[in-house]
Amino acid sequence: MSTVRTGPQIGLIVQIMLLAGVAATVGLGVAGWLAGLAYGVVTCLALVRGLRHAGTDRLGPADWVTMGRGLLVGAVTALIADALTGGRPAPVAVLVAMTAVALALDAVDGKVARRTGTTSALGARFDMEVDSFLVLMLSLYVAPSVGVWVLAIGLMRYVFLAAGWVLPWMDAQLPPRYWRKVVAAVQGIMLAVAASQVLPGMLTTVVLVAALGMLVESFGRDVSWLWRHRAVRTVPALVVPAVPTVPTVTIGVRRVDRVDERDLSTAPVLSLR
């Protein structure tokens with residue numbers, strides 16, 4: 001009998017309610033609804049699969065905090081999709097506010113997991129995917145005004161994952177590194193600042209270039225570590241079958257002090273000594 005995992009389904013229901021609230025207050029077009037619903041459904045299915053793989057039927061306390069962040073990211077995704085395809089500007093105040101809350105809660109779920117003793121691989125992966133997708137969507141939002149190069153910020157992690165499918169040595173487990181978390185947080189903050197349009201255009205570009213430089217350095221350090229610790233492929237040893245031992249036969253040889261000329265025609269090529 002299969003176990004019912006209601007946590008992801010509850011998250012999907014709340015996501016739909018949040019989208020309805022956004023639509024009722026600031027408006028949401030068809031593209032926004034489709035993007036928000038697709039995000040909610042994919043998140044629900046991914047969590048159900050992750051819970052089944054982890055052998056549990058419920059989310060931990062920290063996972064619910066991450067779920068709240070994910071719901072806000074779903075609403076941000078809907079607003080950005082609506083702005084990019086609908087031709088109308090996104091409500092910047094609402095978008096930035098939800099982004100700021102989602103980024104602030106990023107410092108909460110980890111603490112909750114450690115204090116409650118509920119840290120897990122699923123929770124860490126859930127947190128990472130929410131962060132990565134928020135950065136991707138913010139990159140898409142600011143790219144038309146800053147330049148397409150800013151998409152590198154949002155796409156870099158997904159390129160890193162794709163490289164792991166092609167290069168097995170890049171799919172190894174990386175050691176924990178606090179600087180990696182700092183860099184990830186900086187990307188979201190800088191993109192949120194760029195989305196708020198509170199800085200002049202040139203200063204916004206400088207800020208995002210600095211953020212991209214930090215990201216390249218962090219990923220470069222990880223790639224370097226994976227390369228230096230890649231597993232060396234061992235070549236199977238060549239097994240040579242044993243040669244049967246030939247019994248030794250002692251042959252008596254009569255010593256000849258001198259060979260007559262008439263015996264040369266029948267002399268052996270190799271002499272036995």
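Trainee: With which residue does Glu129 form a salt bridge?

Mentor: Please note that this is a predicted model, in which local features need pLDDT of at least 70, side-chain atom pairs count only at pLDDT 80 or more, and totals for chains, interfaces and linings use all residues. Residues are numbered from 1 along each chain as its sequence is written, and side-chain values use heavy atoms, with hydrogens and water left out. A salt bridge is a side-chain nitrogen of Lys or Arg within 4 Å of a carboxyl oxygen of Asp or Glu. Here Glu129 pairs with Arg125, the closest N and O atoms being 2.7 Å apart. Both residues lie in helix H5, 4 residues apart, about one turn of the helix; helices are DSSP runs (H or I, at least four residues), numbered from the N terminus.

Trainee: Which salt bridge joins Glu129 to Arg157, and what does the pair tie together?

Mentor: The side chains of Glu129 and Arg157 meet at 2.8 Å, N to O. Because Glu129 lies in helix H5 and Arg157 in helix H6, the pair ties together parts that are 28 residues apart in sequence.

Trainee: Is Arg157 buried or exposed?

Mentor: Buried means under 20% relative accessible area, exposed over 50%, and partly exposed in between (1.4 Å probe, protein chains only). Arg157 has 12% relative accessibility, so Arg157 counts as buried. Glu129, at 24%, is partly exposed.

Note on methods: Helices (H or I, at least four residues) and strands (E, at least two) are DSSP runs, numbered from the N terminus.
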